[in-house]
Amino acid sequence: MRLGVIDIGSNTVHLLIADVHPGGRPLGATSDRSVVRLMRFLEADGSISPEGVTALVDAVTRAREIVATEKVDKVLATATSAVREATNGPAVIAVIEAALGQPLTVLEGEAEAHLTFLAQRRWFGWSAGQILGFDIGGGSLELACGSEEVPDIALSMPLGAGRMTIDFMPDDPPGEAAVERLREHARAVLEPAALVFAEQSTPDHVVGSSKTIRSLARLAGDVHSGWAGSDRVTLSRSALGSWIPRLAKLPIASRELLPGITPDRARQIVAGAVVLHEAMTALKVSELEASPWALREGVLLRFTELNAWDPAALNS
């Protein structure tokens with residue numbers, strides 16, 4: 001079966017088309033991203049502005065047009081924190097569904113963490129043992145841990161790289177004072193989560209997914225030979241920490257030239273680095289390994305298992 005996932009996130013509308021079958025790995029056929037950066041379209045009352053809604057409709061329409069050329073059997077459309085938390089969310093969802101021509105599943109934060117953890121588990125396998133997973137999106141940070149495919153703990157916190165850039169790093173470059181303000185905020189938000197995770201078994205493997213984490217790993221991490229021609233990329237907390245003062249001094253145009261930093265991530269990469277460093281510190285993690293699979297792959301895997309598109313199942 002050929003499936004399409006349209007992932008409406010806080011930073012991008014990402015289309016992934018893949019061939020799937022029960023018991024097999026999703027084989028990506030087409031990937032397309034429209035950079036929207038919804039956080040810049042948030043009004044003072046928490047609603048998404050008309051300009052933001054127009055940007056979403058344009059991105060969704062583009063994705064739907066690509067799907068029409070790819071002989072896709074089923075399209076799975078999901079949205080995460082930006083749409084979920086908007087005060088005009090129901091109206092925005094209705095407009096998006098009209099552009100999609102089908103229902104949209106708005107994932108709760110915990111469901112997002114569960115699906116991402118499923119993808120991480122499947123990528124690294126049972127031999128990875130107890131996994132601790134990090135995922136940083138534009139609007140939220142997801143943390144999960146467990147030794148099975150369903151995590152024992154899954155939390156979502158409003159510490160996304162896009163959200164923190166707007167709230168704490170509006171200047172270009174942001175500078176050291178902004179970094180410290182964000183550090184203090186992240187520590188306060190992470191403190192309750194750190195207490196919960198401290199009660200869990202020591203992880204055998206720590207994993208980080210999302211474009212932000214993969215970008216930081218390519219910038220500051222180490223590459224190791226892996227199985228079947230796939231390199232493993234690890235990122236230490238110390239290496240990440242050493243890059244933060246340098247990133248905070250560079251303007252966006254210079255950050256775009258750094259290894260692994262794409263233009264669509266250059267604006268929010270500093271905030272993402274600070275949040276990840278504080279999360280690793282709070283959970284006493286010295287190193288993580290970047291995961292190529294994240295939420296979209298989790299959606300594909302869950303659907304393949306269910307063998308029927310049940311929107312409610314993704315939030316279960």
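1. Is Asn11 buried or exposed? Asn11 is buried, with a relative accessible area of 4%; buried means under 20% relative accessible area, exposed over 50%, and partly exposed in between, with a 1.4 Å probe and protein chains only. Asn11 lies in the loop between strand E1 (2-8) and strand E2 (12-19). Leaving aside residues up to four places away in sequence, Asn11 touches Ser34, Val35, Val36, Arg37, Asp264, Arg265 and Gln268, where contact means heavy atoms within 4.5 Å.

2. Basis of the note. This is a predicted model, in which local features need pLDDT of at least 70 and side-chain atom pairs count only at pLDDT 80 or more, while totals for chains, interfaces and linings use all residues. Residues are numbered from 1 along each chain as its sequence is written, and side-chain values use heavy atoms, with hydrogens and water left out.

3. Overall form. The protein chain has 13 helices and twelve strands; these are DSSP runs numbered from the N terminus, helices being H or I of at least four residues and strands E of at least two. For 316 residues a compact globule would have a radius of gyration near 20 Å, and the 19 Å of the protein chain agrees with that. The radius is taken over C-alpha atoms, and the globule rule is 2.2 Å times the number of residues to the power 0.38. Along the principal axes, the C-alpha atoms fill a box of roughly 45 × 45 × 35 Å.

4. Of the 316 residues, 57% count as buried. Among contacts with a separation of 6 or more, 69% come from residues 24 or more positions apart. The chain exposes about 13,400 Å², of which carbon and sulfur atoms supply 52%; the areas come from the Shrake-Rupley method with a 1.4 Å probe, and for residues only the protein chains shown count as cover.

5. The five-stranded sheet. This open sheet has the order E3-E2-E1-E4-E5, with mixed pairing; two strands pair if DSSP finds at least two bridges between them. E3 and strand E5 (105-106) are the edge strands, each pairing on one side only. E2 and E3 pair in the antiparallel sense over eight bridges, and Asp19 stands opposite Leu27 in E3. Helix H12 (residues 295-306) lies across E1, E2 and E4 and runs at about 135 degrees to E1. Axes are lines fitted to C-alpha atoms, for helices over the stretch in contact, and angles run from 0 to 180 degrees between N-to-C directions.

6. The seven-stranded sheet. This sheet is also open, with mixed pairing and the order E8-E7-E6-E9-E12-E11-E10. Strand E8 (153-157) and strand E10 (222-224) each have a single partner strand, so one side of each edge strand has no neighbour in the sheet. From one strand to the next, the twist averages 25 degrees. Helix H4 (residues 109-124) lies across E6, E7, E8, E9 and E12, at about 55 degrees to E7.

7. Pairing within that sheet. Strand E6 (residues 131-136) and strand E9 (residues 205-209) are parallel and share five bridges, with Ile131 opposite His205 in E9. E7 and E8 run antiparallel, also joined by five bridges, and form a hairpin with six residues between them. Leu141 has Met157 in E8 as its bridge partner.

8. Nonpolar cores. In soluble globular proteins, nonpolar side chains tend to be buried together. A nonpolar core here is a set of buried Ala, Val, Leu, Ile, Met, Phe, Trp, Tyr and Cys residues joined through side-chain atoms within 4.5 Å. The largest has 52 residues, and those with the most contacts inside it are Phe134, Leu141, Leu143, Met169 and Leu276. Helix H11 (residues 269-282) gives the most to this core, with nine residues. Apart from it lies another core of 32 residues, including Leu15, Val60, Val83 and Val106.

9. Backbone points to check by eye. Arg37 is not a glycine but has a positive phi of about 50 degrees; Arg37 sits in the loop between strand E3 (27-35) and helix H1 (50-68) and is partly exposed, at 22% relative accessible area. Lys71, also not a glycine, has a positive phi of about 55 degrees. Lys71 is in the loop between H1 and strand E4 (74-79) and counts as exposed, at 75% relative accessibility. The peptide bond from Asp172 to Pro173 is cis, with omega near -5 degrees, and Pro173 is in the loop between helix H5 (161-168) and helix H6 (175-198).
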